[in-house]
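Student: Please examine the ligand site of this model closely, together with the backbone geometry of the loops. What surrounds the ligand?

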Amino acid sequence: MEYSDRISTLQPSAIREILKVTQDKSVISFAAGNPDPESFPARDMAEIASGLFRESSSDALQYGVSEGYTPLRELTSERIKRKYNIGRDSDDLIITSGGQQVIEMTAKVFLNEGDAVLCETPSFIGALNAFRSYNANLVGIPMDDFGMDPDALEAALKKTPRVKLIYTIPTFQNPSGITMSLKRRERLIELSEKYDVYIIEDNPYFELRFDGEFVPTIKSLDSTGRVIYAGSYSKVLSPGIRIGYACARRDIIQKLTVAKQVSDVHTNLFFQMLAAEYLKTRDIDAHISKIREIYRKKSSLMCFEMDKNFGSRVGYTRPQGGLFIWCKLPDGYDGMEFCRICAASKVAAVPGSAFSVDENEIVPAFRLNFSLPTEEQIKTGISRMSEALSEYLK
Ligand SMILES: Cc1ncc(COP(=O)(O)O)c(C=O)c1O
């Protein structure tokens, strides 16, 4: 049997083999990207859920519209406009099954086979695979501490044929943790206009800031209608409810709506109603403040343990938010090899190469997640990793 070219481009990789060890309960995993379950507003959700089943089951269990449950669309639009100035009169908003679906549907709406997507390297695997599944030509743009290098981006825009999209995670980037400076955000918009391309701003982490200064979203700076904003409730309510959204020019949202109809008709209506009721009757901002405190504590513990155990053998930047720490090995070493040794020592991390446009690239880096492990696991896991490091750098 012949599978499609689309699916054949997505090969199971060596990384998945390493990550298989996380199924073993004795392995401490810093490999996931999951929120801390303590951050889920489970009690509020239970109360809302039982009310919904009692009073609104004929709506909650019925089909809905592809654009999303109207009160959730309105509450989301109102909140992101009021708090972050996201959305203009010419924009609209669609509810999606997570931020992942915004990326996948945008690829479907914009890309013909062979069209180019410029993205940060390293970048989020879920997005890279979505673009790969439409046989896009993925071009990685290097980053420094201020985000994507704008000169490298302009050079790529000049020389790459058929660029349609620039994909960026501007705040607490996954996996690097880097936040793009305001100046670079402005330049990105200028470049998108000059070269007639669209920007996907994927921003699931920006409300998880526990240090440093807020930087305006690219979407809020956009007066040209070229930014497709991908938002998500995964990291501020729960990823299991699978609720995200796109805010973009009305004509783009209409195309995304057609893609959504084909894909899954609409996002789970019960959970859309639950999220709407949560936004209406609870204080999501107070809830997010609590989440920030959980992550401030865990990230600071992980940094403390790394400083104590790794010393100068591993370089990293203290995160100001998000869920990840990007760690650099000395030049000439291989993150993949190191993660293999870690897995044998019962601690899991993701090798840097997993996030590269070219998965076979040797990257002297690895990504750690601090949101999911407990404090005890952070201490024990970093100590195990330090022993693996001694073995590897020997
Ligand atoms: C950068 C980035 N974008 C999008 C997503 C997708 O999140 P969701 O579909 O749960 O909203 C993730 C999930 O980890 C992510 O890291």
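Tutor: The answer below begins with the ligand and then turns to the loops. This is a predicted model, in which local features need pLDDT of at least 70 and side-chain atom pairs count only at pLDDT 80 or more, while totals for chains, interfaces and linings use all residues. Residues are numbered from 1 along each chain as its sequence is written, and side-chain values use heavy atoms, with hydrogens and water left out.

The ligand is surrounded by 13 residues, the closest being Gly99, Asp202, Tyr205, Ser232 and Ser234; a residue is near a molecule if one of its heavy atoms lies within 4 Å of it. This shell divides into 4 nonpolar, 6 polar and 3 charged residues, where Ala, Val, Leu, Ile, Met, Phe, Trp, Tyr, Cys and Pro count as nonpolar, Asp, Glu, Lys and Arg as charged, and the others, Gly among them, as polar. Helix H6 (residues 98-110) supplies the largest share of the shell, 3 residues; helices (H or I, at least four residues) and strands (E, at least two) are DSSP runs numbered from the N terminus.

A polar side-chain atom of Asn174 is 2.8 Å from an oxygen atom of the ligand. Gln100 places a backbone N or O atom 3.0 Å from a ligand oxygen atom, and for Lys235 a side-chain N or O atom is 3.3 Å from an oxygen atom of the ligand. The protein covers 90% of the 400 Å² of accessible area that the ligand has on its own, as computed by the Shrake-Rupley method with a 1.4 Å probe.

Pro175 lies in the loop between strand S6 (163-168) and helix H9 (182-194). Another cis peptide bond runs from Thr121 to Pro122, with omega near 5 degrees, and Pro122 belongs to the loop between strand S3 (116-121) and helix H7 (125-132).

Arg242, with phi of about 55 degrees, is found in the loop between strand S8 (227-232) and strand S9 (244-249). Arg242 is partly exposed at 34% relative accessible area, a class between buried (under 20%) and exposed (over 50%), using a 1.4 Å probe and protein chains only. Lys346 has phi of about 65 degrees, lies between helix H14 (335-344) and strand S12 (347-348), and is partly exposed at 32%.

Conventions:
Polar contact = N/O pair within 3.5 Å; in protein donor to acceptor, adjacent residues only side chain to side chain.
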